[in-house]
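Have a look at the sequence and the model, then read on.

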Amino acid sequence: MMSAADSPPTSPSIQICRIMCPDDANIVGNVHGGTILKMIEEAGCIIGTRHCNTQNGDRCVAALARVERTDFLHPMFIGEVAHVSAEITYTSKHSVEVQVNVLSENILTGTKKVTNKATLWYVPLSLKNVDTIIEVPPIEYFKPDQEELGKKRYEAQKFERMETKERNGEIITPVSLPEPYTVGFSQSSLIHLIGPSDCTLLGFVHGGVTMKLMDEVAGIVAVRHCKTNIVTASVDAINFHRKIKKGCVITISGRMTFTSNKSMEIEVFVDADPLAEAEKGKYRAVTAFFTYISLDKENKPLPVPPLKLEGEEEQKRFEEGKARYLQNKAKRLADKEQKQ
C-alpha cells in the first residue's frame, strides 16, 4: 500500500503570462500564430520537464513529439496580455500529454477571451544520454474514465504519427516563372542555422522555435497567394519525427495545398542538414498543415482567390486538403451543437 508521500502526484499545472509587443505581431498589430505556438510549447516543456523529474534517477528534459490540431479562436493584439495555462492530463510509460489553454486580456478594459486550446505530447530524454527515454511518473486521475480516455487519445496520436511518416519522402521543387495563384507562385522556403539560443539543455532545438519558423513560412505563402493581411486560423497536427541538433541548418518549406472560399491550407516541411556530421545526410524532421484566412483592414474575412492546379499530384493534394477541410468543418458544427 502506498503512503501519501509515495502516491502519484495529482495532475500538475502551471500558468505563465506575457504582454504582447510589436515584435510579436504583424504590420497591422495581429499577434503571429507562431508567437502563440511558441508560448504554448514553452509552458508544455516546463510542466513536462518538471513532472518527469519528480522521481529519483536520471535527470531529463521533456522533448516535444507532437502537437494535436490547434484552432485560433480569436485574434490577439499588441498590448494585450497572454495568459497560458498548462496541465498534464495523461501519462503513458514513456510520454506525457499536456493540455494548454491561452487567454488574451485587454488590460485597459479587463476583457478576456479564450484564443487557443492545444494538446501536446512530450517524451523525457535523459541528460546523460539523449537517445535514452526515461520512464514517466504516473499521475493520479480524478475520474474513473479519465485514464481510459487518455489512453485512447495516446493510441490515436501514435497511429496518426505512423501514417504521417509515409509522406516524409515528398519534396518541394522550385518552379521557374510560375503563374499567379498557382502552387509554384506562392511556395516559399526559409533557411535557419540552429544556434545555442534555439536549444534546450540537451542541445536540441525547442519545439516552439521550430513551430514559430513554420508559421512564418506558411504566412509568407498565404500572403503571396492572396496579397492581403492574413492570420493563422488553425494548425493541424504537428509531428516531430526526429530531433534537430545545435549547429544544423534547417530548411522550412511551405506550399499551398487547398483553398476554400474563405481559407487556405498550407503544408510545411522542416528538413535538417547536420553540417558538422555531413555523413548522416539531410532528414525530414517536422511536418504540419497550417490554415489561414484573409482579412481586410477592419479584420473582416475576405474571399480567398481559388488555387490554380497543375498536374495530378497537385489535384491529389487538393482533394486530400478538401477532405480535411470538410472533416474539420463537420467537427466544428458538431461541437457547436453540443454546446447549445
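For "active site", an unreviewed UniProt entry lists N26 and D215; UniProt positions are given here in the numbering used for this model, feature names are shortened, and annotations may be inferred rather than shown by experiment. These residues span 190 residues in sequence, yet no two of their C-alpha atoms are more than 12.1 Å apart, so they gather at one spot. Please keep in mind that this is a predicted model, in which local features need pLDDT of at least 70 and side-chain atom pairs count only at pLDDT 80 or more, while totals for chains, interfaces and linings use all residues. Residues are numbered from 1 along each chain as its sequence is written, and side-chain values use heavy atoms, with hydrogens and water left out.

**Annotated positions**
- N26 sits in the loop between β1 (13-19) and α1; helices (H or I, at least four residues) and strands (E, at least two) are DSSP runs, numbered from the N terminus.
- For "domain: HotDog ACOT-type", UniProt (unreviewed entry) lists residues 10-128 and 184-298.
- Residues 184-298 are 20% helix and 43% strand, and the end C-alpha atoms of this span lie 30 Å apart.

- The chain is assigned domain 1 (13-147) and domain 2 (183-338), with bounds from an automatic or database domain assignment.
- Between the C-alpha centres of domain 1 and domain 2 there are 20 Å.
- In contact (heavy atoms within 4.5 Å) are 26 residues of domain 1 and 28 residues of domain 2.
- About 2300 Å² is buried between domain 1 and domain 2, and carbon and sulfur atoms give 61% of that area; buried area is the accessible area (1.4 Å probe) that two parts lose on being put together, summed over both.
- Two salt bridges are found across the interface of domain 1 and domain 2, where a salt bridge is a side-chain nitrogen of Lys or Arg within 4 Å of a carboxyl oxygen of Asp or Glu.
- α1 (33-52), β2 (60-67), β3 (70-72) and β6 (112-126) each supply at least two residues of the side of domain 1 that touches domain 2.
- On that side of domain 1, α1 gives the most, with six residues.

**Salt bridges**
- The whole structure holds 15 salt bridges.
- D236 pairs with R69 in a salt bridge whose closest N and O atoms are 2.5 Å apart.
- D58 and K128 form a salt bridge, with 3.5 Å between the closest N and O atoms.
- D58 lies in the loop between α1 and β2 and K128 in the loop between β6 and α2 (146-165), so this pair ties together parts that are 70 residues apart in sequence.
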